[in-house]
Amino acid sequence: MSTGHPFPDLRGAATGVGSLPGTDAREAAKTSTGALEHLPFLPELPARGPGADMIGRSAGLLVELFAQTEPSGWRFTDRPGRDTRRAHSWLGEDLDALEEFTQGHQGALKIQAVGPWTLAANIELKHGEKALADPGACRDIAGSLTEGLRRHLAEVRKRVPGAQPVLQLDEPSLPAVLAGAVKTASGFQRLRAVDRQVAEEVLRELIRGLDAPVVVHSCAPEVPIPLLRRAGVAGISLDFSLLTERQDDDLGEAVEGGTVILAGVVPATDQAVSDPAGSVQGVRTLWRRLGFAPELLGRRVLVTPTCGLAGASPAYARRALSLAARAAQSLVDNPE
């Protein structure tokens, strides 16, 4: 079913979702690369302000489309302004730090960007309605993002020559886009649901246009697993606590089809968690329920925090990533 690049073969791997607390790019890169041997990631630091937040950072990746902040949020504009320059500057700073702490790195490396449907649901057109209301604008965003991500991947490969980039598309708004639950710019009504085939086709075209395996992350309920698989994702990243038994069949078919599951099980905000094996007990239970061989568990499931760590303390963020790494190893060492 997959039309994209396969996920790298990793055993006992953990990674972060994307954001970390604080404003120090070097400290964030050191945290990511120090805690995560198999799949470090390029951190995002939204505490720096507009342009470092997930929407602004990804708007900065768009080619020939520009956005700026308004009192209502992000809005498309005719030319690049201060917010675009800020987004470019911070991304450059983050890449500099990543390059410094990945000297000699060989293997998988994750980068993140917001997917086309969440961008369309969160950025307004010039006249004030969300881009999601305009099918042509949605296509333009997807095309522009594809080109921007190609350039971003090329830049990462140039800076970290031994890296095999994995691209994570953040699509927290996708379930709402498909359900017709995205509010209009005024907030008084909801935008019409996007046809599932259209949503799938846009994602498939984007994934086909990129020379890297693509993971879609959504920490919302009702992640559309079959749609994402048909679009060609190599992996699906989700908040494990939001799964219901109704999704067992979809998850089982995904695993059988070779899709990697990134299970968000480590709390994303400060909590007393100390038992790595205990944090993945639910994953083992699901695996048994699905009837899969225990020895497959550590290859098909990666461990992550439930969502980004921007709201955590720096000390907890470091601990959460280390805990995820130990939990992932426990899936290899003690799959049952």
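**View 1. A three-stranded open sheet in a predicted model.** The strands lie in the order E1-E2-E4. Their pairing is mixed. Strand E1 covers residues 66–70, and strand E4 covers 123–124. Both stand at the edges of the sheet. Each has a single partner strand, so one side of each is left without a neighbour in the sheet.

**View 2. The pairing of E1 with E2.** Strand E2 spans residues 73–77. E1 and E2 run antiparallel and are joined by five bridges.

**View 3. Helix H3 beside helix H5.** H5 takes in residues 135–159. The two helix axes come within 10 Å. They cross at roughly 30 degrees. Angles under 35 degrees count as roughly parallel, so H3 is roughly parallel to H5. The crossing of these helices is right-handed.

**View 4. Residues at the contact of H3 with H5.** From H3 come Leu-91, Gly-92, Leu-95, Asp-96 and Glu-99. H5 supplies His-152, Glu-155, Val-156 and Arg-159. Sorted by class, the contact has four charged, three nonpolar and two polar residues.

Note on methods: Residues are numbered from 1 along each chain as its sequence is written. This is a predicted model: local features need pLDDT of at least 70, side-chain atom pairs count only at pLDDT 80 or more; totals for chains, interfaces and linings use all residues. Side-chain values use heavy atoms; hydrogens and water are left out. Two strands pair if DSSP finds at least two bridges between them. Helices (H or I, at least four residues) and strands (E, at least two) are DSSP runs, numbered from the N terminus. Axes are lines fitted to C-alpha atoms, for helices over the stretch in contact, and angles run from 0 to 180 degrees between N-to-C directions. Angles under 35 degrees count as roughly parallel, over 145 as roughly antiparallel, 65 to 115 as roughly perpendicular and the rest as oblique. A crossing is left-handed if the near helix is turned anticlockwise from the far one by less than a right angle, and right-handed if clockwise. Contact means heavy atoms within 4.5 Å. Ala, Val, Leu, Ile, Met, Phe, Trp, Tyr, Cys and Pro count as nonpolar, Asp, Glu, Lys and Arg as charged, and the others, Gly among them, as polar.
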